[in-house]
Amino acid sequence: MANTNAPFGFSQTQGTGSAPTYEQFATFCVYNQSAMYFGDPVSRLAAGGIAPTAPGTQALAGVFVGCKYLSVSQKRTVWSNYWSGSDVASSNTVECYVINDPNAKFVAQVGGSSSVGLTVADIGSNVQWAYGTPNTMSGISGAYIDISVTPATTSTYAFRVVSLVTDPPGSTGTEAGAYNRAIVAFNNVETKTLTGI
């Protein structure tokens with residue numbers, strides 16, 4: 001059975017800490033920052049906050065896993081697995097939670113091609129990622145491993161392939177082919193790099 005194209009971002013499967021928080025840390029984003037969804041890779045801005053930014057050569061701040069903010073519309077503190085990009089006063093910031101544990105491992109789907117997925121030969125290679133279409137109802141990311149960018153030794157790629165997901169077999173875990181899933185670790189994250197922003 002073929003794999004289903006249904007990316008869900010980068011879902012942590014292992015880390016130094018313990019579930020459900022693992023090694024999350026609190027940071028912030030500004031009130032009008034673009035929307036961020038659970039499982040989105042995010043980057044650090046020069047001003048200190050985080051934001052969703054296009055994949056490139058910069059180190060990731062980590063993977064976004066939720067936020068807390070004082071809602072203007074609801075007049076109360078809201079805990080959410082995604083940030084909508086609005087709903088706080090212009091003078092406020094949003095407390096965001098990010099996984100940046102350098103030992104963290106994530107499950108993610110391969111996208112960017114309807115005919116090609118990662119193979120066993122790609123284990124140990126570095127891979128790039130892309131934002132897909134998030135689920136605005138559940139707040140889950142649509143990010144995926146971008147197979148259209150050839151896996152390589154490029155040190156600035158954000159993730160390294162650790163393994164392929166093979167269980168369960170079938171639509172959610174076929175080892176080979178388009179839209180297969182992989183376990184990846186951070187390759188270029190701010191807790192592993194020596195250069196600051």
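Start with the cavity. This predicted model holds one cavity of 30 Å³ or more; on a 1 Å grid over the protein atoms alone, a cavity is a set of points where a 1.4 Å probe fits but cannot get out. The volume of the largest cavity is about 40 Å³, where volume is the space filled by probe spheres set on the points, and grid points are joined across faces, edges and corners. Rolling a probe the size of a water molecule over the atoms shows where empty space is left.

Select A54, P55, G56, Q58, L60, Q128, W129, T156 and A158 to see the lining of the largest cavity; lining residues have an atom within 4 Å of a point. Five of the lining residues are nonpolar, four are polar and none is charged. In this count Ala, Val, Leu, Ile, Met, Phe, Trp, Tyr, Cys and Pro are nonpolar, Asp, Glu, Lys and Arg are charged, and the others, Gly among them, are polar.

A word on the ground rules. Residues are numbered from 1 along each chain as its sequence is written, and side-chain values use heavy atoms, with hydrogens and water left out. As the model is predicted, local features need pLDDT of at least 70 and side-chain atom pairs count only at pLDDT 80 or more, while totals for chains, interfaces and linings use all residues.

Next, show the whole chain as a cartoon. The protein chain has zero helices and 13 strands; helices (H or I, at least four residues) and strands (E, at least two) are DSSP runs, numbered from the N terminus. Of its 197 residues, 45% count as buried, which is under 20% relative accessible area, with exposed over 50% and partly exposed in between (1.4 Å probe, protein chains only). Among contacts (heavy atoms within 4.5 Å) with a separation of 6 or more, 71% are between residues 24 or more positions apart.

Now select F10, F106, L118, I145, F159, V184 and F186. In the largest nonpolar core, which has 24 residues, these touch the most other members. Such a core is a set of buried Ala, Val, Leu, Ile, Met, Phe, Trp, Tyr and Cys residues joined through side-chain atoms within 4.5 Å. Another core, of 14 residues, lies apart from it and includes C29, V78, V88 and C96.

Move to β12. Strand β9 (residues 126-127) pairs with β12 in the antiparallel sense over two bridges; two strands pair if DSSP finds at least two bridges between them. Here N126 stands opposite R160 in β12. Strands β12 and β13 also run antiparallel, joined by five bridges, and V161 stands opposite V184 in β13.

Select S71 next, in strand β5. S71 is buried, with a relative accessible area of 2%. Leaving out residues up to four places away in sequence, S71 touches R76, V78 and D87. The C-alpha atoms of S71 and D87 are separated by 5.4 Å, although the two residues are 16 apart along the chain.

End with two loop residues. Most residues other than glycine have a negative phi. D87, in the loop between β6 and β7, has a positive phi near 85 degrees. K75, in the loop between β5 and β6 (76-80), has a positive phi near 60 degrees. Which of the two is buried or exposed? K75 is exposed, with a relative accessible area of 70%, whereas D87 is buried at 18%.

Note on methods: 1 Å grid on protein atoms, 1.4 Å probe; cavity = no way out; pocket = protein on both sides within 12 Å on 5 of 7 lines; lining within 4 Å.
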